Amino acid sequence: MSIICAMPEKITAKDVKKKLTISPTSETILRTYPPITCIANGESVLHEEGHVVRVMLYADMLCNILESKGISVNRHAVLSAIRIHDSYRRTDYDEEESHGLVAAVASEIAGNFTEDPDADYIHFLTTWHSENDKDVSLKGNVTFPIELAVLKDADALDRFRDQYLGVEGEGLDKDFLRLEESNDLVSIAEELNQRYFSNGVQRQPLESVIEIGKEMGIVC
Ligand SMILES: [Fe+2]
Ligand SMILES: [Fe+2]
């Protein structure tokens, strides 16, 4: 008598999304909030447009999860800050906590959000995204804003890219995620990066993320 062992199937991001019923992001959102001024990074590998678009995707889905629980988020401010958060970064690999401030100041000079009523908050989020969490609450900010938590967690989720870009000993440390809802997106971020980098150099990051996202069922 033979015994047939059922091999566990690999769980994909699509399965997780289905199970958790996370609302996908939309192509419209990704096109409405494209990366800006990223070109100033020059030869950036880690902080190029693909990173910004993927972070946008995670953040928008995170907003969907939070709002489904009745937690309101200023989505426009978060997504706008993500557009510029790593622009004008001067180094790719060295820790440079002030790069958020550099990006915010450059954005103010460029007048990116002059007509936007959320301009100050967008630049606040951009400035603080690269600082330690404890410093955010120490320097006169009474509470740690949910929008900053979304931005920082979405940014962290894209650490899965490190393994494809020759960064050793890094990657995502799930213990550092601030929102429990961010854990729902870990396998999605892992699969998105795996698919993105398996295609070699992505010359059109926005189009590539939209295409891969649709294949995965996380962009509609
Ligand atoms: Fe950054
Ligand atoms: Fe980033």
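Colleague: How are α3 and α10 oriented to each other?

Modeller: Start with the general idea. Axes are lines fitted to C-alpha atoms, for helices over the stretch in contact, and angles run from 0 to 180 degrees between N-to-C directions. Angles under 35 degrees count as roughly parallel, over 145 as roughly antiparallel, 65 to 115 as roughly perpendicular, and the rest as oblique. Here the axes of α3 and α10 come within 8 Å and cross at roughly 40°. The two helices are therefore oblique to each other.

Colleague: Which residues make the contact?

Modeller: Two residues are in contact if their C-beta atoms, placed from the backbone, lie within 7 Å. From α3 come Glu49, Gly50, Val53, Arg54 and Leu57. Pro205, Leu206, Val209 and Gly213 of α10 meet them.

Colleague: What should I know about the model and its labels?

Modeller: This is a predicted model: local features need pLDDT of at least 70, side-chain atom pairs count only at pLDDT 80 or more, and totals for chains, interfaces and linings use all residues. Residues are numbered from 1 along each chain as its sequence is written, while chains are lettered from A and ligands numbered from 1 in the order in which they are written.

Colleague: How many helices and strands are there?

Modeller: Helices (H or I, at least four residues) and strands (E, at least two) are DSSP runs, numbered from the N terminus. This chain has 10 helices and 0 strands.

Colleague: Back to α3. How does it pack with α4?

Modeller: Their axes lie 9 Å apart, at an angle of about 165°. That makes α3 roughly antiparallel to α4. Val52, Val55, Met56, Ala59, Asp60 and Cys63 of α3 meet Arg75, Val78, Leu79, Ile82 and Arg83 of α4.

Colleague: Is the crossing left-handed or right-handed?

Modeller: A crossing is left-handed if the near helix is turned anticlockwise from the far one by less than a right angle, and right-handed if clockwise. For α3 and α4 it is right-handed. The crossing of α3 and α10 is right-handed too.

Colleague: How much of the chain counts as buried?

Modeller: A residue is buried if 20 or more other C-beta atoms lie within 10 Å of its own, exposed if 12 or fewer, and partly exposed in between; C-beta atoms are placed from the backbone. Of the 220 residues, 40% count as buried. Helix α6 (119-128) is mostly covered, with 8 of its 10 residues buried. Among them are Tyr121, Phe124 and Trp128.

Colleague: Why does Leu101 count as partly exposed?

Modeller: Because it has 17 C-beta neighbours inside 10 Å. Leu101 lies in α5 (residues 99-110).

Colleague: Which residues touch the most other members of the largest nonpolar core?

Modeller: In soluble globular proteins, nonpolar side chains tend to be buried together. A nonpolar core is a set of buried Ala, Val, Leu, Ile, Met, Phe, Trp, Tyr and Cys residues joined through C-beta atoms within 7 Å. The largest one here has 48 residues, and Met56, Tyr58, Ala59, Val78 and Leu125 touch the most other members. Its largest share, 11 residues, comes from α3.

Colleague: What does Leu125 touch?

Modeller: Leaving out residues up to four places away in sequence, Leu125 touches Ala77, Val78, Ala81, Glu147, Leu148 and Leu151.

Colleague: How far does α9 reach?

Modeller: The expected span of a helix is 1.5 Å times one less than its number of residues. Helix α9 (residues 186-198) has 13 residues and reaches 18 Å from its first C-alpha to its last, close to the 18 Å expected. Just after α9, Gly200 takes a positive phi of about 75°.
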